[in-house]
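Please look over the sequence and structure shown here before reading the briefing that follows. The notes are grouped by topic.

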Amino acid sequence: MTTKLARISELSKENPDMKFNSIGHLINFDMLKACHNKMDGRKAFGIDGISKADYDRNLDENLRNLEQRLKNKSYRPKPARKVEIPKENGKTRPLSIYAYEDKLVQEALREILEAVFEPHFYENMCGFRPNRSCHGAIRKLNDMIEGQRTNYILDADISGFFDNLSHDWIIKFISSRITDPNIIRLVERMLKAGVLKEGEFYVDDFGAGQGSVCSPIIANIYMHYVLIWWFNEKIKPLMKGFCDVVAYADDFVCCFQYKKEAEMFYELLKKRMGHFGLTLEESKTRLIYFGRFAEDNLARDNKKPETFDFLGFTHYCSKSRNGKFRVKHRTAGKKFRKKCKQMNITIRDMRFEKKKCILKKVNQILTGYYHYYDITDNYQMMDNFRKRVIRILFFWMNRRSQRKSYTWDGFNEFLKSHPIVKPKIYVSIYG
């Protein structure tokens, strides 16, 4: 199956105008079984309450039955169970939880869509793609600012991206390269399966549920046509100065050499988004003076360029050790505060466990956190976070009983034999 998908990807790359009209048959018993083997059995259950372990008990029979329903077109996905996940700004993020069998079909669809569309995605789209990452997006952004004549940054935010993807446009975009009615039918049924929230069932004409195995590739296809393809093929030829864009899912940053061209693009962008059912969050979208020349020009008036946030980091103008212009990166303030709150809750909730278990868990969390945030120029913020965690530990270790367990001197002695893992630079932006 992997060989067949690789061949589809190869054909798609070699023939940019090719449309695939007979690939639905690839979703067969073997492919579904391979999808089952890759599934994480720890995920939440859909409305039918069936887990991977439950499905595994009669796996071959279940997969044969599913394959037959797909062949005779009687397969109908179940509604998703929707829950609201709290966000740090007090709002909530909707999460759709699908039935296990539907996840298998979604995974198979994802593999087919990825094989067809991935060869046509541009390098400046980094989210949810093979061999690409957030750090790759930050490297790309760094190159755009330090290596090019960037003077202005358009820091944009799409309002409710995943919830406002038009089903009609999703089908049109997919149909531009896949004309197999079996694939199109599956995508339509998946989108129209509806959601169940607090006992109430409803179906929308918009949205690709966050939590769907398919939603990342669908989001990429949408962003490819709405923004990335349009920017590269239609906007760049209009511009006299440098311009470029880097995107990770619905987060994107645009760089421009000239202010007038940045302003012109911003007006065109609002119209473009509106045409495809999307809107920019005006309160979070801004054009700022930023870059090598911005820093030098503002320095004459004892001012500094503004900063902007992208992928959890605040990006700001600075200097290297030899005095040359550098874009540096530190953990965004709201992300730092959110993680501190989470650590406080985590340590509080396990304060009565064995000390060795508490320290092991804390070090595991810190190591994972360092692997994402410990990039070039961000060591100080990581060290600050470690010190904050130590203070949280000291507080809750002294709440294990009515008597105070440690003074600071005693706690520091304890940490000598139970050390808290220290940060180090895991990711070089220039590597």
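Asn-131 sits in the loop between α5 and α6, where helices (H or I, at least four residues) and strands (E, at least two) are DSSP runs numbered from the N terminus. This is a predicted model, in which local features need pLDDT of at least 70 and side-chain atom pairs count only at pLDDT 80 or more, whereas totals for chains, interfaces and linings use all residues. Residues are numbered from 1 along each chain as its sequence is written, and side-chain values use heavy atoms, with hydrogens and water left out.

- Asn-131 has a positive phi of about 60° although it is not a glycine, and with a relative accessible area of 84% Asn-131 is exposed (buried means under 20% relative accessible area, exposed over 50%, partly exposed in between, with a 1.4 Å probe and protein chains only).
- Phe-128 lies in the loop between α5 (100-117) and α6, and, although not a glycine, Phe-128 has a positive phi of about 55°.
- Phe-128 counts as partly exposed, at 39% relative accessibility.

- Strands β9 and β10 pair in the antiparallel sense over 3 bridges, and Phe-308 stands opposite His-315 in β10.
- Strand β10 (residues 313-319) and β11 run antiparallel and are joined by 7 bridges, with Cys-317 opposite Val-327 in β11.
- The hairpin of β10 and β11 has 5 residues between the strands, and in this hairpin Gly-323 takes a positive phi near 85°.
- Strand β11 (residues 325-331) is largely enclosed by the rest of the structure, because 6 of its 7 residues are buried.

- Asn-142 is found in helix α6 and counts as buried, at 2% relative accessibility.
- Not counting residues up to four places away in sequence, Asn-142 touches Gly-147, Val-327, His-329, Ile-429 and Tyr-430, contact meaning heavy atoms within 4.5 Å.

**The pair of helices α9 and α10**

- The axes of helix α9 (residues 215-235) and helix α10 (residues 259-275) come within 11 Å and cross at roughly 140°.
- Helices α9 and α10 are therefore oblique to each other, on a scale where angles under 35 degrees count as roughly parallel, over 145 as roughly antiparallel, 65 to 115 as roughly perpendicular and the rest as oblique.
- The contact is made by residues including Trp-229 and Trp-230 of α9 and Phe-265 and Arg-272 of α10.

**Lys-339 in helix α12**

- Lys-339 lies in helix α12 (residues 333-349) and, leaving aside its neighbours within four places in sequence, is in contact with Ile-365, Tyr-369 and Phe-385.
- The C-alpha atoms of Lys-339 and Gly-209, which are 130 residues apart along the chain, are separated by 26 Å.

Technical notes:
Pairing = 2+ DSSP bridges. Axes fitted to C-alpha atoms, helices over the stretch in contact; angles between N-to-C directions.
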